[in-house]
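Work through the exercises below with the sequence and the 3D structure open. Try each task before reading its solution.

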Amino acid sequence: MHTVVIGGGVIGLTQAYHLAREGENVTVIDARATGLGASEVNAGWIVPAEAAPVPGPGVVLQSLKWMLRPDSPLYIRPSVQPDFLKFMFNMWRRSNFQDQRAGFEGHLRLAQHTIETFDEYRADGMDFEMHSEGLLMAFTQKENLEHHLDNLDLPKSFDLDPQVLVGDAVRTHEPLLTDAVYGGIYFPQERHVDPGAMVTALHKRLVEMGVQIIENSPIDRVTFNGSTVTAVHSGEQKFDGDRFVLAAGAWTGPLSKLFKAPIPVRPGKGYSLEVPAYGLKGAVNLSDAKVAVTPFNARLRLAGTMEFGGLDEKINQVRIDAILRAPRTYFKGWEPPTEPVTPRAGIRPMTPDGMPVIGALGSLSNTFVSTGHGMLGVTLAPGSAAALTKLILKGRKSPALLPFTSARFLPRNHAG
């Protein structure tokens, strides 16, 4: 059997790998080179313990406040398009404790074996930088720390051992923190990787396994036979297959319309930039400023912001400057670099409820979807790929996939 995976980001490449190692004949098609955009420029965190969906308590009010600041962590480009208004309404409707908690638990279950799977990737010859020093969420505001305590029982129930550190205890853990940091939550089992190196290693391993990778071929047409997809097209190129997986990240929204099963995936742009190494013990979430700090062997990556706009990777310098300033409050002696930095942008696939869409695509008999992972692509990629592989090859639907069905977004006659 032959499966065609549409999308060469971290989700598509990981899905192709899990299929190929089960003996499936796989082709990966990407609109440009594989591994670009959000798959390459993200923070590289493997963090099941911090996998709560974006919509949650207080998000609406905080969003309205941030909309008044040009350098805030969030920007929403106003639009009166019906699809946009419906998306934002549904996101705000899901911004409550119960829905966020249910989504968090779903993410934890999906990522339950993520750490072991990354070890398997390395054991199978994939060469990429990986660190195991855990993750620290750092807070300057007491109320923000306390806000995060309500859900700590969930990572505890998955044996992730969150540790609350207040006052000098957090500076004992990370000596480079300033006195302005009130406290933190340390998750000792979390990891981080160099995401660019990871997707490069995935691509290389796929080629070694005989997977065909087609680049610079945006899909523009789909051929059907009833409820079965028989081929996808890119210009004059035709790609036949027995099964198809739509895993095109933020581009899944418009592509899903070609499959007659539109999924509400919208682009959420983020930025990252790199500066010289700083000496941190591990990854740090500057939680009040919404900036992720990732120490690699020879450099430090800063990542942040969420811009709801279009499918463009243009750089907003005001937000880059805000990311560079953010560590001043948290880190001793921090100053933005005097030398120019090269910021990069990536577009994350966002859904109204902040949860991915994984499983059968609508009522199509041989087509599947894996998208909408938001800021959790690296964290959720292995679990998504493993569960979807069982469904594709064996028809076995893992209970872990139940919260992520495409049916929750499709009209009844399209939902299967």
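This is a predicted model: local features need pLDDT of at least 70, side-chain atom pairs count only at pLDDT 80 or more; totals for chains, interfaces and linings use all residues.

**Exercise 1.** Determine how helices α6 and α14 are oriented to each other and which residues meet.

Solution. Start with the axes: those of α6 (residues 114-123) and α14 (residues 377-394) come within 9 Å and cross at roughly 85°. Angles of 65 to 115 degrees count as roughly perpendicular, and α6 and α14 are therefore roughly perpendicular to each other. Next, list the contacts: α6 contributes Thr114, Thr117, Phe118 and Tyr121, while α14 contributes Val378, Thr379, Pro382 and Gly383. Sorted by type, the residues of this contact are four nonpolar, four polar and no charged.

**Exercise 2.** Find how far apart in the chain arginine 344 and glutamate 40 are, and how accessible each is.

Solution. The two side chains meet in a salt bridge at 3.5 Å, N to O. Arginine 344 is in strand β19 (residues 344-350) and glutamate 40 in helix α2 (residues 38-41), so the pair links distant parts of the chain, 304 residues apart. Arginine 344 is partly exposed at 29% relative accessibility, and glutamate 40 is partly exposed at 25%.

**Exercise 3.** Classify the accessibility of both partners in the salt bridges aspartate 179 to arginine 171 and arginine 408 to aspartate 353.

Solution. Take aspartate 179 and arginine 171, whose side chains meet at 3.6 Å, N to O. Aspartate 179 is exposed at 67%, whereas arginine 171 is buried at 14%. Now take arginine 408 and aspartate 353, which meet at 2.7 Å, N to O. Arginine 408 sits in the segment after α14 and aspartate 353 in the loop between β19 and β20 (357-360), 55 residues apart. Arginine 408 is partly exposed at 27%; aspartate 353 is buried at 5%.

**Exercise 4.** State how many salt bridges the structure holds and which residues are linked in a network.

Solution. The count is 28 salt bridges. The network links Arg77, Lys269, Glu307, Asp312 and Arg319.

Methods: Residues are numbered from 1 along each chain as its sequence is written. Side-chain values use heavy atoms; hydrogens and water are left out. Axes are lines fitted to C-alpha atoms, for helices over the stretch in contact, and angles run from 0 to 180 degrees between N-to-C directions. Helices (H or I, at least four residues) and strands (E, at least two) are DSSP runs, numbered from the N terminus. Angles under 35 degrees count as roughly parallel, over 145 as roughly antiparallel, 65 to 115 as roughly perpendicular and the rest as oblique. Contact means heavy atoms within 4.5 Å. Ala, Val, Leu, Ile, Met, Phe, Trp, Tyr, Cys and Pro count as nonpolar, Asp, Glu, Lys and Arg as charged, and the others, Gly among them, as polar. A salt bridge is a side-chain nitrogen of Lys or Arg within 4 Å of a carboxyl oxygen of Asp or Glu. Buried means under 20% relative accessible area, exposed over 50%, partly exposed in between (1.4 Å probe, protein chains only).
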